[in-house]
Amino acid sequence: METPLTRNILPGEKPPDLAQYEKSGGYAALREALRMSPDDIMEEVKEANLRGRGGAGFPTAKKWSFVPMGEDAPHPKYLICNADEMEPGTFKDRLLLEGDPHQLLEGMIISGYAIQADIGYIFLRWAYKLAAERLEQAIGEAYRQGYLGRNILGSEYSLELHLHVSAGRYMCGEETALLNALEGKRANPRAKPPYPQVSGLWGKPTVVNNVETLCNVPHIVNHGAAWFKSLSRSGDGGTKLYGVSGRVKKPGLWELPMGTPIRQILEEHAGGMRDGYRFRGLLPGGASTDFLVSDHLDTAMDFESMQAAGSRLGTGTMIILDDRTCPVGMLRNLEHFFAQESCGWCTPCWSGLSWVEQILQGLEEGEGQASDLERLQAHARLLGPGHTFCALAPGAAEPLQSGLKYFRDDFERHVQEKRCPWR
Amino acid sequence: MATVHIENRPYPVKDGENLLQQCLSLGFDLPYFCWHPALGSVGACRQCAIKQFKDEDDKCGKIVMACMTPATDGTRISIDDPEAREFRASVIEWLMVNHPHDCPVCDEGGECHLQDMTVMTGHTYRRYRGRKRTFYNQDLGPLVNHEMNRCIQCYRCTRFYRDYAGGRDLEALALRNQVYFGRHQDGTLESEFSGNLVEVCPTGVFTDKTLKQHYTRKWDFQTAPSICVHCALGCNTIPGERYGKLRRIRNRYNGAVNGYFLCDRGRYGYDFVNSRHRIRRPAFRKQKDAPLQSATKDEVLQHLAELFSKGSQVIGIGSPRASLEANFALRTLVGPERFYAGISARDHDLLSSILDILREGSARSPSLREVELADAVLVLGEDVANTAPLLALALRQSVRRQPLKIAGKMHIPHWDDHAVREATQGKSGPLFIATLVGTRLDDIATQTFHGTPDDLARLGFAVAHALDSHAPPVPDLPSETGKLAHAISEALKAAERPLVISGTGCGNAGVIEAAANVAWALCHTGHPAELCFALGECNSLGAAMMGAPGLESAFGAAVGAGQGVDGNVEMPATTVILLENDLYQHADAEVVDRFLAAARHVVVIDHTVHQSSAEADVVLPAGTFAEADGTLVNNEGRAQRFFQVFVPQGDIRESWRWVQDIMTLSGRNKGAPWLNLDHLMAACARDIPELEPILSAAPGSEFRMEGQKIPREPHRYSGRTAMSANASVHEPEPPDDPDAPFSFSMEGYSGRPPPALIPRFWAPGWNSVQAVNKFQDEVGGQLSGGDPGTRLIEPEPNSRMNYFHNVPPAFSRRTGEWLVVPLHHIFGSEALSVLAPAIAELAAKPYLALNPEDAAELGLAAGASVLLQLSRNGGADRGMDYEIPVQLRAELRRGVAGLPAGLPDLAGIILPAWGRVAGAKKSTKIGEGAAP
């Protein structure tokens with residue numbers, strides 16, 4: 001089984017420095033890419049069927065294709081790496097950032113070349129101190145070696161790359177809020193259209209890609225689209241970093257073929273539930289995805305299968321709910337996070353989520369009323385996509401609506417018993 | 001035009017506009033908060049949710065925000081869709097989760113957009129059981145009150161304050177349901193447009209702090225359409241009165257003039273009407289040296305009859321702040337040859353020159369709306385942020401015209417506010433500002449230029465020459481200035497709607513002539529340009545159109561009559577009637593003293609005590625704008641009518657009625673007496689043909705809607721039968737109003753009156769200022785029936801008017817003397833508004849601004865006391881002395897000093913003038929505080 005993304009990463013070890021990275025074949029893809037035309041790279045990535053690993057699964061080449069190209073295209077163009085990984089339960093990008101920073105840089109330079117970007121930014125989560133340190137070092141090395149800056153490796157292509165450490169808000173992970181934050185404005189999202197590819201950072205064409213997405217690009221260039229697709233067990237190309245947290249024997253993170261079934265990840269890699277705990281459900285791709293339950297354990301972890309099962313692949317890092325944890329309490333915790341991280345821009349989000357959190361808090365404290373469940377149900381619907389300005393509140397509504405569906409009895413017990421049965 | 005299907009019925013809409021604006025324009029009641037016609041769409045509040053369907057077969061549809069969705073041909077939507085209705089009700093419920101239930105004690109109550117929208121969506125019962133979040137309220141100064149608990153986070157305040165008006169000290173802070181709209185710390189809001197927050201805020205976060213002093217609910221105000229009297233722009237206002245007190249000013253939408261906004265001087269200056277300095281009763285002196293004694297109307301008229309029967313010569317001095325009708329009445333009483341404009345000869349010359357330029361030149365004067373549409377602007381000599389504030393606000397919009405094209409190319413609709421701002425990145429189109437010192441518009445200027453008035457004129461002449469070589473060249477122009485002139489000419493030439501702005505603010509004829517040359521050079525070379533002048537007072541242009549000479553001629557006439565040209569004293573001394581004017585504001589005190597002393601009798605007709613009225617032999621109490629009707633001509637040349645708001649107590653009457661009485665009792669009536677304003681206006685139109693269109697500025701007194709007058713009091717006006725019950729239980733009959741088609745009562749026509757007669761914006765279900773939507777054909781466009789006002793002056797497209805050739809020489813410093821130039825202040829430089837306590841608190845205090853190097857040479861630090869000696873008549877012999885603190889202004893050229901214009905403590909100084917400056921020893925000290 002090939003693990004291109006993590007091949008250089010040894011847990012607990014320092015990441016490869018430039019020499020080690022080059023020795024392992026690093027920056028060969030960049031040399032190859034610079035011999036190709038931007039169109040060819042885009043075509044190869046399209047053929048590979050690489051889909052965005054940040055959670056939405058948008059085809060990467062398609063995202064790039066909206067960038068104006070050619071002589072008349074506005075400049076500077078920007079490529080931004082979204083490394084503001086703050087989704088609860090998600091820690092996959094951290095591994096890539098800390099474990100093999102040059103892989104990301106190479107992916108960014110090639111992707112930047114594909115869209116003819118002039119300037120790149122890595123927008124990094126504030127708490128990722130170690131990643132910041134390692135990225136700084138890698139960027140320095142790359143500049144010194146001529147992989148960044150003017151006329152990269154003697155080509156016509158130039159790319160300036162900066163590391164920007166975020167002030168630390170979940171909202172900044174939303175790509176347009178990220179752009180506002182990078183401009184020094186409030187991290188409120190922007191309405192689309194216009195899309196960032198047309199009017200992004202400082203009103204210029206911009207692409208925002210997730211860390212894991214960009215890390216895949218050098219391997220596609222090196223080995224080709226057919227190879228990339230062959231890595232996968234599903235229609236979506238490549239491997240995927242899957243994580244498991246919760247009361248399992250071996251919580252962790254593994255690079256596995258895209259489309260590996262939940263059960264295999266949970267039982268083979270995470271070692272199954274800890275003794276004395278029974279599986280009740282899971283959030284397959286971070287806090288903003290719908291609950292799945294034991295009926296879904298044989299579902300493949302890829303974009304389409306997850307959607308068919310009523311949830312989303314999201315970031316592919318699952319959170320397991322066990323039988324000794326109150327689902328209402330878990331939701332209260334999640335909704336507290338979302339309410340707290342609301343930017344305050346649109347009404348359903350800033351007001352609705354806070355109300356949801358308060359109702360859940362009330363249920364936990366034995367102050368629930370039957371009508372509270374109706375309110376929660378209504379919010380799960382009213383905070384849906386299209387109703388709000390960005391995807392934050394709809395994301396928060398996903399575990400809420402599926403939680404109400406799968407754990408209805410638990411909610412009702414809170415109301416009837418006027419207490420949390422788990423306390 | 002496109003067709004949109006709403007509830008499966010076709011409606012014509014404007015292609016590409018947003019659906020919210022179009023639905024409202026079609027008359028649908030669709031609730032909204034964050035959207036504002038002048039601010040565009042941002043999609044924050046989610047209140048205007050509707051259902052959009054792909055096609056006829058789509059029964060499912062999806063929720064979209066009307067404000068963020070373009071109206072394109074074939075769009076199918078439903079406002080009434082149950083899911084959309086439910087969502088809109090939910091939005092209100094979410095907003096009300098934290099909104100306090102304090103409507104009974106909230107100043108916004110009864111005219112609150114949030115109340116209206118809550119009722120409109122049907123949210124009635126509170127289901128939220130939690131606590132409401134609370135905030136700390138800030139002291140934002142004397143104008144705006146802050147009550148953050150009521151905030152619904154619609155972001156309108158900061159979008160108006162920062163994005164639209166260029167303010168910097170109001171910000172959205174913190175996040176989630178705790179977003180705080182305020183300053184970084186307590187303190188007076190810096191923007192001169194802060195008062196608009198009161199109307200922009202859809203609920204009671206920002207309310208009128210001056211109204212708090214004498215609070216009244218919207219339904220209890222007596223109102224009438226009015227015109228602001230605090231500068232020459234003629235912004236339309238709605239003053240509100242109760243119990244004989246003027247309590248507030250609200251914006252009266254006029255699509256061509258002020259749109260949705262007012263400046264703070266216009267909004268808060270009204271309190272002079274309530275001032276303790278008001279003249280409320282007639283008074284006269286029995287003898288020349290006796291004190292002024294209050295008298296009844298009959299007594300004073302009797303006294304006047306005696307005065308005028310003695311057959312002395314009577315001269316009249318009009319006023320640039322009195323209506324056309326009042327000026328005309330006095331002109332008729334004394335005869336045109338003995339009628340003088342109440343302004344200095346210098347101001348008279350400037351205004352005459354401007355009139356000639358507008359009447360006979362080829363450049364047209366734009367409305368404020370047209371200023372917003374200009375895409376390249378040269379401001380020559382005028383600090384518009386201080387002399388014509390709303391013009392500055394319009395310029396902030398005009399600099400967005402060229403950048404808007406960038407957004408257009410990216411297919412971003414003009415109303416998609418944040419996307420447009422992102423795409424245009426705060427770029428400003430060409431705006432060149434040449435002024436005496438820096439201005440509050442400099443942040444959006446392409447380039448600024450500072451110099452003496454003559455330097456500014458020279459720059460203007462150079463621009464004109466660069467545009468058209470037939471315009472006179474400027475000798476000895478520094479190459480830097482030449483380059484700037486070239487850059488300005490190129491920018492103006494490249495524009496679709498170039499605009500030149502100047503005015504009387506720096507007191508220099510050359511500046512005005514240079515501005516005209518620039519505009520004409522553009523017109524002559526195939527670039528039709530507009531030309532806008534900022535003027536001093538609310539009727540400066542109208543009064544000037546009467547063609548009377550300036551004050552110095554009056555002084556000459558009086559002195560001539562009293563003493564005779566060659567010392568022959570047989571000519572009878574002159575009686576002077578002074579209309580709504582303080583001569584000490586317009587001329588040197590010593591000269592005025594001599595003039596008033598030489599006059600046999602001085603009759604002052606005015607509403608407020610001033611130095612001239614204190615010197616008068618007879619004082620007659622006049623109505624202010626709120627107690628009289630009349631017509632004012634703004635700087636554009638637009639005649640606009642203001643209507644009496646309330647009946648004043650005591651003997652206060654329209655000035656023209658006093659004049660009429662004097663005419664009658666002195667037998668000077670030539671024709672039938674004027675029984676009402678219509679008669680007076682008709683006479684005015686007959687005598688001065690250029691003013692004839694004023695008759696159509698608004699319907700006359702005979703106008704009726706369905707046979708009824710328009711009520712000044714809304715139908716919910718409360719307590720009428722009890723208001724005067726402490727004095728008498730018999731309810732007095734409402735007073736008659738012979739002058740206007742308005743009644744002083746609740747009775748009358750309750751529908752929508754013609755645009756010039758809208759006394760308040762109110763519509764069923766729309767109690768807040770947003771009701772203005774219901775008075776427009778297209779929301780944000782003109783008022784239904786056309787924006788009020790009649791233009792009196794149109795340009796001569798084929799004008800043969802020659803270029804001005806008096807290019808002044810370059811400024812050269814004098815040793816030991818400084819050229820003292822006027823620096824205007826929005827608060828302080830205008831005489832009436834400083835009588836309002838809230839404005840007085842903010843008014844500028846006297847200072848002398850010096851270049852830091854000059855000050856250093858004089859050994860003066862900032863704040864040091866300095867003695868300014870102003871020379872009279874250009875000579876340095878007998879001066880006026882002022883002891884004032886020094887301010888340092890680096891933009892002032894060496895050899896130039898700046899003095900605040902028009903401050904009560906510095907009245908009557910005609911600037912620019914030469915003066916000497918020295919460190920103060922000891923002399924009479926100018927009051928440090930602002931005027932009362």
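## Domains of chain B

In this predicted model, the C-alpha centres of domain 1 and domain 2 of chain B lie 38 Å apart, with domain bounds that come from an automatic or database domain assignment. Where the two touch, eight residues of domain 1 of chain B and five residues of domain 2 of chain B take part, two residues being in contact if their C-beta atoms, placed from the backbone, lie within 7 Å. The domain 1 side of this contact divides into three nonpolar, four polar and one charged residue; Ala, Val, Leu, Ile, Met, Phe, Trp, Tyr, Cys and Pro count as nonpolar, Asp, Glu, Lys and Arg as charged, and the others, Gly among them, as polar.

The assignment for chain B gives domain 1 as 2–80, domain 2 as 348–542 and domain 3 as 818–919.

## Contact between the chains

Chain B brings 33 residues to its contact with chain A, and chain A brings 29 residues. On the chain B side, β4 (62–65), α2 (82–98) and α15 (417–424) each give two or more residues, where helices (H or I, at least four residues) and strands (E, at least two) are DSSP runs, numbered from the N terminus. The most comes from α2(B), with seven residues. By class, this side has 18 nonpolar, nine polar and six charged residues.

## Parallel strands in chain A

In chain A, strand β2 (residues 119–124) runs parallel to strand β3 (residues 160–165), and six bridges join them, strands being paired if DSSP finds at least two bridges between them. One bridge partner pair is A:Gly120 with A:Leu161 of β3(A).

## Basis of the model

Residues are numbered from 1 along each chain as its sequence is written, while chains are lettered from A and ligands numbered from 1 in the order in which they are written. Because this is a predicted model, local features need pLDDT of at least 70 and side-chain atom pairs count only at pLDDT 80 or more, whereas totals for chains, interfaces and linings use all residues.
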